[in-house]
Amino acid sequence: MSALGFAAGPLDGLRERATWPTARRLALRALFWIGMYAAALAIFGAFVALRHVDPFDLYKSMWTSTLTGSYGPGQVLDRAAPFILAGLAVAVPARAGLVNIGGEGQIVIGATAAGGVALAMGSSGGTVENLVVMGLAAAIAGALWAGLAGVLRLKGKVDEAISTLLLNYVGADVLSYFVYGPWKDPSGNGQPVAKPLTEHQTLPTSGLYTSHIGIYVALVLAAVVGLVLWRTKWGFSLRCVGGNREAARRAGLGVGLLMLSAMLVGGALAGVGGMLQFTALEGQLRPGLGATFGYTAFLASWLARHQPAKVVLAALLLAIIAVAGDSLQLGANLPGATVNVLTAVVLLVVLSYRRTARKAA
Amino acid sequence: MLETILVGAVAGGTSILYAALGETISERAGAINVGTEGTMLVGALAAAMVDIETGDPWLGALAGIVAGAALAAVFSVVTILRRGNQLATGLATLFLALGLTSLYGATYVGKDLGGFDDHKIPLLGSIPAVGKILFDHDVLCYLSYLAVPAVWWLLFRSRWGLLIRTAGERPETLLAYGVSPARVRATAVAIGGALAGLGGAQLSLALAQSWSEDMTAGRGFIAVALVIFGGWRPLRVMGGAYLFGAAITLGSVLQVHGVQVNQFFLDALPYLLTIVVLVVLVRRQRQYAPEALGQPL
């Protein structure tokens, strides 16, 4: 729980592994969820129909633009990478009972740090060197940004849900400060952008459709996070703290340090997510880079009940919706942000209808 | 210069004040709605749309109230009826608002609307300095002066306020008393949404006098922080809202006067200020926080 008592979510894992559900139950549950997602699609369809857009055409173009086109799948994978990492940035602190709504700021700060390092390195060094150093810088910056909220929580008893939320705006201002000020590209036609990344600072493609290797980085890190949380002492201690802080303290665990470390790890993951988005797709620091990614990832982690493997799936789902949004503008002449409605309806349905965690006695 | 900043503080702080008053009511009933940003946004658009279509700003303001309450009702259904998590649901309703306002607002962007102009109040408005700062604004701003004591009275002097505060502290007591805590909390959330919607309406009808996408620009999140900052008390929340209003205005005023201050530092100032205040006033925060805040019923 956060300082003000917000539950970090339904936590399982400490006493999980109930009896396996029967095939019949599984089928019923699958049917139920298919119905729910269909309902979400129907609601969104009704909203667009009000704007005189045929929902069936819309869904067809969303489908083709994301899953079957020559660029769609690659774009989805590229978008999923930062979503996965920022989603893990919510999941890890949540395991320790902390609420991190700061993915937004941690992404931006990560990208900013990577951008600063890129400028400093200029054209020196090879691709691997450049990207590794940029990735490290992003991880450290993201970790510090989230760690700030962690320290405020431990030393100042400031609720981390609120402080991470507030730091999102500060993070955006830090990025703006650099791109409007010291890092502004003089040959950028007056636009507030930093100098473009060099060839050696751009993320290589993965060979999987048109995507970049960021998706591999995200998948590997998701697997590592899953293993660490469930197969190491640190992960176990973390989940103990999340399960019952007082019991963990009496068992002799360093609760404060564990909580802080969860925030640091989370921030580092989100920071790397920002760096991936920046180096794979953006190529230039600009204000608004990665906007709403952090919030989307927060929802992805909730959709996944903070389980790393499911975070990957939820991030992919939300990435499909997000990329479909980009095509709406061209296809149906609707603003791209329209798909936020679909994201929201899916989320609201899931938040409403999953089996609620039993109230702690 | 100070006067200009203070005038701007009141003008810019009013929308935040409404939203924060609304959030105070819903948090007193135990519901933290971080979707307030979205509630303001739908309120702002609904108000602008109705004003543009009918030419009547009062109908517009009413539409803002209704739209805000409606979005808050979605939050209520998920968090109270279905026991969904409040933070995640709040963010989900924010996405709903972002999507809906961009879907239906696209055709209204930048359109002229009548809205509410500033009207100086006779007599009061002629008081030196104070008159200019407090009594030369739009009518929704004047209404907010009345809303603050009204909310205070409602929460701390009315029977119904007692029910609300009980829903936020010890919901089970309400059950024993024979009142449904769910109903009380849902009503409080709806009123909170209505006020946030009115705040949004003030933004589009009076302050900007037009609709633009994402025009709340974080004011709703500030309102949520402000409630904690103000210790869940309407009067302190009012002070905080004007402080934020001042911080928002400060940048442009200083620039006009040729003072070189970094714009982005000023932009970040309100958020940093809130964090500092939360650190300093943390004891009060603990003391005043409704005990069942964020807890499902």
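Colleague: Where in chain B does S158(B) lie?

Modeller: In this predicted model, S158(B) sits in the loop between α6 (139-156) and α7 (159-169) of chain B.

Colleague: What makes S158(B) count as buried or exposed?

Modeller: The relative accessible area of S158(B) is 11%. Buried means under 20%, so S158(B) is buried.

Colleague: Which backbone oxygen lies 2.5 Å from a polar atom of the side chain of S158(B)?

Modeller: That of L154(B). A polar contact needs a pair of N or O atoms within 3.5 Å, and the pair formed by the L154(B) backbone oxygen and the S158(B) side chain is 2.5 Å apart.

Colleague: How many helices and strands are there in chain B?

Modeller: Chain B has 13 helices and 2 strands.

Colleague: Why is chain B called as compact as a globular protein of its length?

Modeller: The globule rule gives 19 Å for 297 residues, and the radius of gyration of chain B is 19 Å, close to that value, so chain B is as compact as a globular protein of that length. Its C-alpha trace spans about 60 × 45 × 40 Å along the principal axes.

Colleague: What share of the residues in chain B is buried?

Modeller: Of the 297 residues, 61% are buried, each having a relative accessible area under 20%. The accessible surface of chain B is about 11100 Å², with 66% of it on carbon and sulfur atoms.

Colleague: What share of the contacts in chain B with a separation of 6 or more comes from residues 24 or more positions apart?

Modeller: Such residues account for 75% of those contacts.

Colleague: Turning to chain A, what is its secondary structure?

Modeller: Chain A comes to 13 helices and 0 strands. From the N terminus on, its elements run α-α-α-α-α-α-α-α-α-α-α-α-α.

Colleague: Why is chain A called as compact as a globular protein of its length?

Modeller: For 361 residues the globule rule gives 21 Å, and chain A has a radius of gyration of 21 Å, close to that figure, so it is as compact as a globular protein of that length. The box filled by its C-alpha atoms is roughly 65 × 55 × 35 Å along the principal axes.

Colleague: What share of the 361 residues of chain A counts as buried?

Modeller: The share is 55%. The accessible surface of chain A is about 15600 Å², and 65% of that belongs to carbon and sulfur atoms.

Colleague: How many positive and negative side chains does chain A have?

Modeller: There are 27 positive and 15 negative side chains in chain A, with the centres of the two sets 16 Å apart.

Terms used
Residues numbered from 1 in each chain as written. Chains lettered and ligands numbered in written order. Predicted model: local features only at pLDDT ≥ 70, side-chain atom pairs only at ≥ 80, totals over all residues. Heavy atoms only, no water. Helix = DSSP H or I, 4+ residues; strand = E, 2+ residues; numbered from the N terminus. Rg over C-alpha atoms; globule rule 2.2 N^0.38 Å. Buried < 20%, exposed > 50% of the residue type's maximum accessible area, 1.4 Å probe, protein only. Contact = heavy atoms within 4.5 Å. Areas by Shrake-Rupley, 256 points an atom, 1.4 Å probe, with all protein chains shown as cover. Lys, Arg positive; Asp, Glu negative; His and termini not counted. Charge placed at Lys NZ, Arg CZ, Asp CG, Glu CD. Polar contact = N/O pair within 3.5 Å; in protein donor to acceptor, adjacent residues only side chain to side chain.
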